[in-house]
Amino acid sequence: PDARLEIHVFGVPESNGGAGGCAGSLRALAAADPRIRFFAPVASDQVIGLLGSYDLLAVPSLWLETGPLVVLEAFAAGVPVVGSKRGGIAELVEDRVDGLLVEPGSVEAWSTALRELAAGPELLQRLRAGVRRPRAMQDVADDMLTVYDEILQPV
């Protein structure tokens with residue numbers, strides 16, 4: 001409660017309108033803390049621009065994420081990630097280089113990470129400097145065309 005931070009939660013509402021289930025529980029838990037705000041989903045073409053206005057992205061997944069696109073989007077925006085040390089998140093985020101990896105489901109570990117980041121700008125600046133922008137789809141497509149051209153060359 002004493003950490004100087006603000007949390008914005010973006011997500012797809014549940015089919016029941018968020019009145020119950022996970023979204024409803026989160027809203028109820030956060031209701032007394034004005035630093036936590038909920039927002040409607042963002043159009044895919046606006047995600048990277050929006051992420052660029054944030055200090056960091058938190059991905060507190062409890063379940064295995066095989067290739068979380070949101071981590072790549074954050075990196076494309078130059079934003080470090082604090083994420084669960086699990087699956088694709090742990091494969092994409094290099095701990096203490098471009099983000100922090102945190103034990104999934106550990107309130108203590110998440111609290112420690114967020115307090116450390118809120119305590120001073122040095123760590124956050126270092127993590128931001130360590131973010132490597134992912135390859136653009138055009139680069140991948142160009143590489144694939146080169147491979148196909150090489151394969152199709154007569155021997």
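Q: Is Arg37 buried, partly exposed or exposed, and what is its relative accessible area?

A: Let's begin with the general idea. Buried means under 20% relative accessible area and exposed means over 50%, with partly exposed in between. Arg37 has a relative accessible area of 40%, so it is partly exposed. Please keep in mind that this is a predicted model.

Q: Which side chain does Arg37 meet in a salt bridge?

A: A salt bridge needs a side-chain nitrogen of Lys or Arg within 4 Å of a carboxyl oxygen of Asp or Glu. Here the partner of Arg37 is Glu6, at 3.5 Å from N to O. Arg37 sits in strand 2 (residues 36-39) and Glu6 in the segment before strand 1 (7-10), so the pair ties together parts that are 31 residues apart in sequence. Glu6 counts as partly exposed, at 48% relative accessibility.

Q: How many salt bridges does the structure hold?

A: There are eight. One of them joins Arg96 and Glu116, whose closest N and O atoms are 2.4 Å apart. This pair links distant parts of the chain, 20 residues apart: Arg96 is in the loop between helix 4 (87-92) and strand 5 (99-102), while Glu116 is in helix 5 (residues 107-119). Arg96 is partly exposed, with a relative accessible area of 36%, and Glu116 is partly exposed too, at 34%. Arg135 and Asp143 also meet in a salt bridge, at 2.1 Å from N to O. Salt bridges can form a network as well, as Glu94, Asp98 and Arg132 do.

Q: What is the nearest side chain of opposite charge to Glu73, and how far away is it?

A: It is Arg133, 13 Å away. A salt bridge requires the atoms to be within 4 Å, and Glu73 has no salt bridge even though it is buried. Glu73 is in helix 3 (residues 69-76). Setting aside residues up to four places away in sequence, Glu73 touches Val47, Ile48 and Leu51.

Q: Ala76 is in helix 3 as well. What does Ala76 contact beyond its neighbours within four places in sequence?

A: Ala76 is in contact with Ile48, Arg133 and Pro134. With 27% relative accessibility, Ala76 counts as partly exposed.

Q: Is Ser84 buried or exposed?

A: Ser84 is buried, with a relative accessible area of 0%. You will find Ser84 in strand 4 (residues 81-84). Its side chain reaches the backbone oxygen of Ser61 at 2.6 Å. Apart from residues up to four places away in sequence, Ser84 touches several others, including Val59, Ile89, Leu101 and Trp110.

Q: Which residues make the nonpolar surface patch of about 840 Å²?

A: The patch is made by Met137, Val140, Met144, Leu145, Val147, Tyr148, Ile151 and Leu152. Take Leu152 as an example: it lies in helix 7 (residues 137-152). Leu152 counts as exposed because its relative accessibility is 69%.

Q: Now for the whole chain. What pattern does the protein follow along the sequence?

A: The pattern reads β-α-β-α-β-α-β-α-β-α-α-α, built from seven helices and five strands. The C-alpha atoms fill a box of roughly 70 × 40 × 25 Å, taken along the principal axes.

Q: What share of the 155 residues is buried?

A: Buried residues make up 26% of them. The accessible surface of the protein comes to about 10,300 Å², and 59% of that belongs to carbon and sulfur atoms.

Terms used:
Residues are numbered from 1 along each chain as its sequence is written. This is a predicted model: local features need pLDDT of at least 70, side-chain atom pairs count only at pLDDT 80 or more; totals for chains, interfaces and linings use all residues. Side-chain values use heavy atoms; hydrogens and water are left out. Patches are made of residues with over 30% relative accessible area and no salt bridge: like charges are joined within 9 Å, nonpolar side chains (Val, Leu, Ile, Met, Phe, Trp, Tyr) within 5 Å. Accessible areas come from the Shrake-Rupley method with a 1.4 Å probe; for residues, only the protein chains shown count as cover. Helices (H or I, at least four residues) and strands (E, at least two) are DSSP runs, numbered from the N terminus. Buried means under 20% relative accessible area, exposed over 50%, partly exposed in between (1.4 Å probe, protein chains only). A polar contact is a pair of N or O atoms within 3.5 Å; within protein, one must be able to donate a hydrogen and the other to accept it, and residues adjacent in sequence count only if both atoms are side-chain atoms. Contact means heavy atoms within 4.5 Å. Lys and Arg count as positive and Asp and Glu as negative; His and the chain ends are not counted.
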